[in-house]
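Trainee: I have a new structure on my screen and would like to learn how to read it. Could you walk me through it?

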Amino acid sequence: MATIYIDNKPYVVKDGQNLLHACLSLGFDLPYFCWHPAMHSVGACRQCAVKQFRDEKDTKGKIVMSCMTPAAEGTRISIDDPEAMEFRASVIEWLMLSHPHDCPVCDEGGECHLQDMTVMTGHNYRRTRFPKRTHRNQDLGPFINHEMNRCIQCYRCVRFYCDYAQGRDFNVFACHHAVYFGRHRDGVLESEFSGNLIEICPTGVFTDKALKRHYTRKWDLQTAPSVCVHCGLGCNTIPGERYGALRRILNRYNGEVNGYFLCDRGRFGYEFVNSGQRVRTPLMKNNETGALEPATKGDVIERLSHILYFGANVIGIGSARASLEANFALRALVGPDRFFVFDETRRRLMATMIGILKSGPARTPSMKDVASSDAVFILGEDVANTAPMLALALRQAARQRPMQDVAKLKIPLWDDTAVREVIQGEKGPFFIAAPHATKLDDVATETYHAAGEDIARLGFAVAHELDPAAPPVPDLKEEALLLARRIALFLKGARRPLVVSGMSGTSDSLLRAAGNVAWALCKTGHDAALCFTTDECNSLGLGLLADLGDGYVSDIGKAFALAEKGKLDAIIILENDLFLREDISRVERFLEGCGHVIVIDHLFSRTTGKADIVLPAGTFAESDGTFVNNEGRAQRCFQVFVPEGDIQESWRWVRDALNAARRPIQWRTFDDVVAAMAGEMQQFEAVAEIAPPAGFRIAGQKIPRQPHRYSGRTAMHAQIDVHEPKPPDDADTPLAYSMEGFEGIPPSALVPRFWAPGWNSVQSVNKFQEEVGGPLRGDDPGKRLIEPTGGKEVPYFHEVPGAFVPRKGELLIVPLYHIFGSEELSVLSPGIAGMAPHPYLALNPFDAEGLGMNAGDEGEVVISGNTYRLPITLMASLPQGVAGLPSGLPGLRGIVFPAWAKTGRAT
Amino acid sequence: MERPLTENIRSDGQPVGIEEYEKLGGYQATRKALGGMSPQEITAAVKNADLRGRGGAGFPTGIKWSFIPMGDAARHPKYLVCNADEMEPGTFKDRLLLEGNPHQLIEGMIVSGYALEADLAYIFLRAEYTLAAKRLGQAIAEAYAKGYLGRRILGSDYSLDLRLHLSAGRYICGEETALLNALEGKRAIPRAKPPHPQTSGLWGKPTIVNNVETLSNVPHIVDRGAEWFKSLSHTDCGGTKIYGVSGRVKRPGLWELPMGTPAREIIDLHAGGMRNGYGFRGVIPGGASTEFLLEEHLDVRMDFDSLPKAGSRLGTGTMIVLDDKTCPVGMVLSLETFFARESCGWCTPCREGLRWVVQIIDAIEKGEGAGEDLDILEGQCRLLAPGHTFCALAPGAVEPLQSALKYFREDFERHIKEKGCPWR
């Protein structure tokens with residue numbers, strides 16, 4: 001700790017910080033632009049100037065940039081010094097010389113860091129009469145709007161895009177006052193993190209193009225803390241709603257999870273909530289026509305009552321994209337032995353994964369831990385497409401080893417330019433073994449492209465090299481053996497080695513191999529982390545809920561078997577399109593043999609098309625719920641707005657069904673369900689502590705979902721009724737559908753938006769943190785449900801698979817993941833749909849040659865009786881004998897990977 | 001009067017070739033240094049000689065060198081970079097050395113490189129210096145052919161490669177850290193110090209950047225000793241200095257003179273005084289980014305320590321004379337236009353402030369000046385101060401403006417009052 005003096009008062013600050021960081025953490029309002037807590041200092045904008053004094057006797061002092069000056073012991077500065085204040089106001093005056101002053105028509109208006117800083121410095125009069133410089137704007141694709149005239153040249157965009165996220169199609173061009181930030185020419189931004197430019201940019205140069213289509217000011221948005229539902233990482237988000245439609249998603253800082261950033265799928269994938277695919281009323285099948293028709297809630301409940309009260313044999317199918325509470329409710333309704341989750345493959349993978357995490361000594365890392373790992377080994381996972389924000393964290397991990405050299409030169413780690421200068425192209429040990437080239441390969445020190453079995457064998461070999469007690473790999477090729485030795489050597493030499501694998505490899509051998517590597521490191525005294533990706537927002541939660549280790553809960557395949565025996569009176573399907581999960585013809589047969597099919601979901605799907613009853617569920621934005629991310633962190637997601645009509649949370653539909661079945665249940669509120677779950681299932685004890693209960697009040701007040709400047713309250717429903725309606729009650733949470741309530745900083749899990757006096761932009765997050773860039777006040781939200789047992793005695797896995805052997809006349813079809821397209825919900829956002837690839841079949845060029853096919857030819861592939869005709873794409877990194885199909889694209893759904901398939905020219 | 005730097009430069013405009021250079025005693029310093037001196041002895045000699053950087057800042061060269069890590073502790077490769085990006089308006093002294101005696105510079109780099117244990121040396125040359133590029137290229141090839149460069153120079157254990165790099169052409173490349181970025185192929189933006197290039201320079205490795213004239217002095221110091229070098233100077237700062245004069249004088253040009261020669265002697269004696277019909281109004285003593293001096297200041301010694309007392313800087317030591325038939329506002333506008341255009345665009349005060357300054361002076365020169373313009377200009381001069389900006393470009397840029405506002409204020413006021421330039 002160091003004592004520094006600010007305007008002659010002593011303050012104790014952490015060692016190794018710069019003055020700006022220290023001042024902001026102490027709560028001072030010191031303006032800045034180019035500095036960013038995740039990207040640190042470069043000294044470009046000169047906005048954070050303060051006066052520094054040599055000692056107590058120095059009265060003259062000199063202007064320094066606080067971001068570039070260490071907060072060393074005894075440092076004396078003045079923020080209020082008149083010369084420093086004049087200089088800071090001058091910086092705004094300079095920046096404003098060419099700024100268009102178009103706040104009223106700028107999408108950033110009202111949440112603009114430039115506005116805030118302008119007010120903070122006191123600059124208010126324009127002294128120039130000369131023309132402003134102007135620029136031509138670019139079309140940057142469906143997500144980002146570009147308005148360069150507003151630019152104040154803080155360089156944050158290019159530092160984020162090129163340095164932090166390592167995108168290559170964006171840069172700074174020209175010099176002096178003509179400096180220009182954009183692409184070399186118009187075109188879609190290639191980085192999957194481009195949306196962060198919206199929050200990185202301190203003014204309105206990069207704004208949200210999706211928001212623009214249904215624009216609402218920040219002060220008019222009703223918001224609540226939420227969790228992203230588009231992959232298994234559980235990034236924290238702030239969705240904003242107006243007039244019953246979701247308008248945008250912003251980052252919700254969580255120091256352990258997503259930090260300051262989101263991926264574009266998470267940011268722009270929300271539009272399924274507003275889509276025409278939504279189920280908005282209860283529907284029942286007309287027994288005469290066979291068509292689904294809208295029904296009243298009462299009629300539906302009555303029908304349910306018949307089905308469930310008299311139905312002896314009712315099963316439920318849970319969902320990895322529904323909350324723990326919804327799944328728990330359904331499990332309670334049908335009984336644990338009639339509750340089915342996952343398809344066969346996922347069930348197997350999840351059981352293996354949970355087993356490894358629960359029984360072994362390796363800890364699951366948070367994304368913050370991932371970013372600080374100094375050696376990485378990825379097995380079989382295309383992280384950039386399956387868990388994009390993890391890829392962003394891994395990109396930072398690749399710098400950690402070289403950063404240790406920087407520290408030796410006594411260069412402060414916040415001096416970003418100097419740090420990058422020393423690091424140059426150096427990267428830490430970073431090994432990627434994947435079935436094909438991935439977007440993360442550019443940070444890898446070595447890559448290994450092979451079939452899943454061979455990647456698993458490499459992993460087993462690495463574990464054996466680390467600890468001879470781990471099983472050896474018979475008949476390993478020398479190339480792989482030498483690589484395994486190198487990987488083992490570098491992992492051993494690291495302070496915080498990390499092993500990454502996940503579900504997308506569809507192989508439990510891979511997971512076991514990853515487990516062996518992490519365990520071998522732990523057993524030989526290394527602090528190794530083991531990160532598994534999961535495919536949906538609550539995959540791990542569902543896995544824990546279904547207690548897969550036990551084995552009595554079964555997957556959908558078991559449900560199919562039951563149906564074949566003809567015993568099912570009804571099936572209740574929770575937030576799930578079974579046609580995505582299993583082979584289409586099997587699902588068809590299954591649903592036909594199911595008696596009554598009841599679907600609780602928010603979207604129409606092929607499954608709802610087969611239903612007798614469809615119950616309109618709330619999406620994540622219309623429900624409260626708990627999701628468990630891949631780290632094992634349970635996180636609460638709060639209702640952002642009350643859905644229209646009869647739409648309600650899935651757990652409420654299940655509760656209604658329970659009541660209809662005359663099994664009355666005392667769940668009145670969300671907390672009741674949580675309490676029941678935490679009481680019944682030990683693994684979920686902590687879930688009740690994630691966020692304060694509904695009765696929580698601060699000074700007797702709830703926390704308002706609407707900002708203090710929310711406009712139109714008395715007018716927005718005036719076309720229906722001139723009387724202002726009573727705001728909806730929220731019995732489930734401490735949040736209120738009101739602009740009235742507690743205006744200060746609530747507990748971290750309940751922060752509905754970042755906004756602080758004088759800080760209207762997203763940068764106001766500074767005020768919500770213990771220290772800037774550190775945890776939120778009261779610690780980052782979420783509770784970890786899985787901790788390593790410390791059991792060093794856990795036995796290694798010995799099931800080393802044989803090497804991959806290509807087949808004659810058949811190719812092994814593996815899934816290829818696309819950040820835009822492979823995920824079911826986000827692809828309903830128009831912007832994301834536009835970025836999704838067209839279906840294709842990827843072949844190794846040698847295999848293509850063997851089949852007499854070229855790129856662009858129409859190929860034919862037959863997978864379990866279904867024929868797919870697709871254009872051929874050549875992918876040199878695919879191993880011979882392996883072909884790839886994009887996962888989850890419309891038209892390619894319901895394929896069970898991996899699959900051996902006959903492939904040839906379309907006939 | 002000894003003129004070690006320029007005495008061998010031929011009057012026919014041809015460069016000194018390698019044979020001629022050797023015949024004139026060239027590469028003796030290389031033999032002496034590599035044949036028996038330790039790197040520390042050379043650095044000590046340079047330090048004792050009071051050689052100060054001739055690029056404009058005047059930092060003692062030996063002290064600069066002493067900060068570079070040596071021996072086993074040093075990270076390699078280590079670099080020596082010659083800053084030959086001479087682009088300061090009014091300055092053409094390095095050009096003379098580059099075109100006239102390229103081997104002198106190359107030898108300076110070999111000896112300096114040896115003193116620094118450098119592995120690789122670069123000459124970063126202004127792209128417009130095409131003749132210098134041609135001659136340097138040839139001289140480097142000659143030096144390689146004779147074993148002065150490359151592996152195991154002259155049979156010693158020391159190896160050095162020397163590469164010539166042509167700048168893509170920005171004034172800011174003359175700033176040593178921007179030069180390093182440019183050399184790395186990045187945008188030519190200065191870097192913050194610390195870390196200094198000695199710690200993290202080219203590609204993050206220990207690096208020394210020296211000016212052409214500085215490095216050209218090194219062989220002579222090694223050859224003839226620090227005491228001799230100091231004796232060349234009129235002042236505490238060792239050696240000779242190449243001074244230059246441009247503007248409406250009788251004989252514009254360059255002269256190698258003892259360091260500390262008074263400005264009046266240079267202008268009146270060597271440059272022959274003002275051309276007939278023109279009177280002396282003022283002079284910018286050291287390239288465009290220094291403050292004006294008036295007649296009353298001309299007895300000042302032209303060296304790094306004396307000029308600040310007169311309110312200016314030695315800079316590059318090449319003067320631009322303002323005569324009484326030239327509009328000072330127009331002259332300052334021309335200078336500021338250059339600086340505003342050459343701003344790299346990294347920091348706000350320089351990027352925006354200099355443009356505003358140009359807009360205002362341009363308006364004044366066109367007769368569109370307004371009453372508050374001079375206050376704004378004075379304010380900008382104060383705000384664009386060292387430490388306020390990221391590098392020295394903007395503070396240097398406002399030096400001529402600041403002094404012009406002081407010394408030629410009535411000219412600015414007349415422009416505003418008479419709504420036009422009185423010289424037109």
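Trainee: What percentage of the 424 residues of chain B count as buried?

Mentor: Some ground rules: this is a predicted model, where local features need pLDDT of at least 70, side-chain atom pairs count only at pLDDT 80 or more, and totals for chains, interfaces and linings use all residues. Residues are numbered from 1 along each chain as its sequence is written, while chains are lettered from A and ligands numbered from 1 in the order in which they are written. A residue is buried if 20 or more other C-beta atoms, placed from the backbone, lie within 10 Å of its own, exposed if 12 or fewer, and partly exposed in between. In chain B, 58% of the 424 residues count as buried. For chain A, with 907 residues, the figure is 59%.

Trainee: What is the radius of gyration of chain A, and what does the globule rule give for 907 residues?

Mentor: The radius is taken over C-alpha atoms, and the rule is 2.2 Å times the number of residues to the power 0.38. Chain A has 28 Å, close to the 29 Å from the rule, so it is as compact as a globular protein of that length. Its C-alpha atoms fill a box of roughly 90 × 80 × 55 Å along the principal axes. Chain B has 22 Å, in agreement with the value near 22 Å for a compact globule of 424 residues; the box for its C-alpha atoms is roughly 75 × 45 × 35 Å along the principal axes.

Trainee: How many helices and strands are there in chain A?

Mentor: Both are DSSP runs numbered from the N terminus: helices are H or I with at least four residues, strands E with at least two. Chain A has 26 helices and 36 strands, and chain B has 16 helices and 8 strands.

Trainee: In what order do the 5 strands of the open sheet in chain A run?

Mentor: Strands pair if DSSP finds at least two bridges between them. In chain A the order is β20-β19-β18-β21-β22, with parallel pairing. β20 (446–449) and β22 (529–533) of chain A are at the edges with a single partner strand each, so one side of each has no neighbour in the sheet. From one strand to the next, the twist averages 10 degrees; axes are lines fitted to C-alpha atoms, for helices over the stretch in contact, and angles run from 0 to 180 degrees between N-to-C directions. β18 (375–379) and β21 (497–502) of chain A share 4 bridges, and I378(A) is opposite V500(A) in β21(A).

Trainee: Which strands does helix α18 of chain A touch?

Mentor: Contact means that C-beta atoms, placed from the backbone, lie within 7 Å. Helix α18 (508–523) of chain A touches β18, β21 and β22 of chain A, and its direction makes about 165 degrees with that of β21(A).

Trainee: How many residues does each chain bring to the contact between chain B and chain A?

Mentor: Chain B gives 28 residues and chain A gives 31. On the chain B side, α12 (328–342), α13 (348–365) and α14 (373–383) each supply at least two residues, and α13(B) has the largest share with 8 residues. By class, that side has 12 nonpolar, 10 polar and 6 charged residues. Ala, Val, Leu, Ile, Met, Phe, Trp, Tyr, Cys and Pro count as nonpolar, Asp, Glu, Lys and Arg as charged, and the others, Gly among them, as polar.

Terms used. Contact = placed C-beta atoms within 7 Å.
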